[in-house]
Structures are given as structure tokens and as C-alpha cells.
Amino acid sequence: MTPPTLYPFDEDEIDETFVRASGPGGQNVNKVSTAVELRFDAAASLSFPEDVRDRLIKLAGSRATKDGVIVLLAQTFRTQERNRQDARERLQGLINRASVPPPPPRKKTRPTRAAREKRLEGKAIRSTVKKLRGRVGED
């Protein structure tokens with residue numbers, strides 16, 4: 001099997017805005033906008049084939065809007081640059097997962113006659129073993 005094609009995203013298709021991060025952080029959290037909100041319009045992107053776009057939007061789940069725009073919020077780190085890098089890495093990870101095609105559907109198979117007979121013989125043997133475990137009757 002050939003490895004999947006990994007698609008890099010186009011920098012022009014990304015819109016990044018810096019917002020204030022939530023949570024603890026002391027006085028710094030109220031003054032500095034370190035969190036990154038990354039928006040990627042997957043539905044309108046021309047960087048990937050249509051099937052990859054569809055899988056990407058489906059994989060994004062609640063992070064995708066009805067219009068097919070993927071919104072990622074990165075606020076784990078204390079610096080804008082590290083949060084920006086984190087958001088881009090997460091987007092690239094989503095794209096990499098979406099670029100892997102789904103496995104082919106399972107082929108339905110039926111057990112052979114010999115396999116069915118062997119299973120029934122095993123059941124019959126097991127049945128007799130269990131019957132022999134009963135109370136011993138008087139002769």
C-alpha cells in the first residue's frame with residue numbers, strides 16, 4: 001500500500017486573530033492577547049481534492065462551522081508565537097488525518113461447510129459433557 005499524500009495548507013487561506021486567553025495567568029492575562037484563533041476555510045480551499053476537504057470538515061466536528069470554516073483556538077502557551085505554532089500544528093495534524101483514505105469495505109464471506117460441521121460437532125460434544133454433570137440417578 002502506498003503512503004497517503006500529505007497536503008500542506010496555503011498560508012493565504014489562514015486567518016489568525018490574537019485574543020485574550022482565559023484562565024489563570026495573573027495580571028498578564030488581562031493585558032496581553034496571547035491566545036490565537038485560527039480560521040481555515042476548508043470548504044473553499046483549493047489546496048486539496050474534494051474528498052479530502054469533506055473528510056477534513058467531518059473530522060473537525062464541532063470545530064467546523066456550517067459554512068465549512070474550521071476554527072481552532074490555541075491558548076495553552078504564554079507566548080503568541082508558541083500558540084500560533086500550536087494552532088498550525090493542530091491544523092496540519094487534522095489535514096494529515098483527513099488525507100488518509102478510508103479502508104475499503106469488508107468483503108462478506110461465509111463459513112465453509114466443513115467449518116459449520118466442525119462447530120456443530122463441538123457443540124454436541126460440549127452438550128454431552130454438560131449432560132453428564134447432572135445428578136446420578138438410581139439404577
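In this predicted model, Glu 16 has Leu 38 as its bridge partner in strand S2. Strands S1 and S2 run antiparallel and are joined by 6 bridges.

**The sheet**

S2 also pairs with S3 in the antiparallel sense, over 6 bridges. The 3 strands form an open sheet in the order S1-S2-S3, with antiparallel pairing. S1 and S3 are the edge strands; each has a single partner strand, so one side of each has no neighbour in the sheet. On average, neighbouring strands are turned by 20° against each other, direction ignored. Strands of a sheet pair through backbone hydrogen bonds, and the pairing can be parallel or antiparallel. In a regular strand, side chains alternate between the two faces of the sheet.

**The chain as a whole**

The protein has 4 helices and 3 strands. Read from the N terminus, the elements follow the order β-α-β-α-β-α-α. Helix H3 lies across S1, S2 and S3, and runs at about 140° to S3. Among contacts with a separation of 6 or more, 62% are between residues 24 or more positions apart. The protein has 139 residues, and 24% of them are buried. The accessible surface is about 10,800 Å², and 53% of this surface belongs to carbon and sulfur atoms.

**The nonpolar core**

Which residues have the most contacts inside the largest nonpolar core? They are Leu 38, Phe 40, Phe 48, Leu 56, Ile 70, Leu 72 and Leu 91, in a core of 17 residues. Strand S2 (35-41), helix H2 (50-60), strand S3 (69-74) and helix H3 (80-99) each give two or more residues to this core. H3 provides the largest share, 5 residues. Leu 38, one of the core residues named above, is the bridge partner of Glu 16.

**Salt bridges**

Side chains of opposite charge can pair when their charged atoms come close. A search of the whole structure finds 6 salt bridges. The table gives some of them.

| Residue | Partner | Closest N and O atoms |
|---|---|---|
| Arg 88 | Glu 16 | 2.9 Å |
| Glu 37 | Arg 39 | 3.6 Å |
| Arg 84 | Glu 81 | 3.7 Å |

Arg 88 forms a salt bridge with Glu 16. This pair links distant parts of the chain: Arg 88 is in helix H3 and Glu 16 is in strand S1 (residues 14-19), 72 residues apart. Are Arg 88 and Glu 16 buried or exposed? Both Arg 88 and Glu 16 are buried.

Arg 84 counts as partly exposed because its relative accessible area is 26%, which falls between the limits of 20% and 50%. Glu 16, Glu 81, Arg 84 and Arg 88 belong to one network, joined by salt bridges that share partners.

Glu 37 and Arg 39 form another salt bridge. Glu 37 has a relative accessibility of 24% and therefore counts as partly exposed. Arg 39 is also partly exposed, at 33% relative accessibility.

**The surroundings of Arg 39**

Arg 39 lies in strand S2. What is Arg 39 in contact with, leaving aside its neighbours within four places in sequence? The contacts are Glu 13, Ile 14, Asp 15, Val 69, Ile 70 and Val 71. Ile 70 is one of the residues with the most contacts inside the largest nonpolar core. Val 69 is 30 residues from Arg 39 along the chain, yet their C-alpha atoms are separated by 6.5 Å. Arg 39 sits in the strand that pairs with S1 and with S3.

Notes
Residues numbered from 1 in each chain as written. Predicted model: local features only at pLDDT ≥ 70, side-chain atom pairs only at ≥ 80, totals over all residues. Heavy atoms only, no water. Core = buried A, V, L, I, M, F, W, Y, C linked by side-chain atoms within 4.5 Å. Buried < 20%, exposed > 50% of the residue type's maximum accessible area, 1.4 Å probe, protein only. Salt bridge = Lys/Arg side-chain N within 4 Å of Asp/Glu carboxyl O. Contact = heavy atoms within 4.5 Å. Areas by Shrake-Rupley, 256 points an atom, 1.4 Å probe, with all protein chains shown as cover. Pairing = 2+ DSSP bridges. Axes fitted to C-alpha atoms, helices over the stretch in contact; angles between N-to-C directions.
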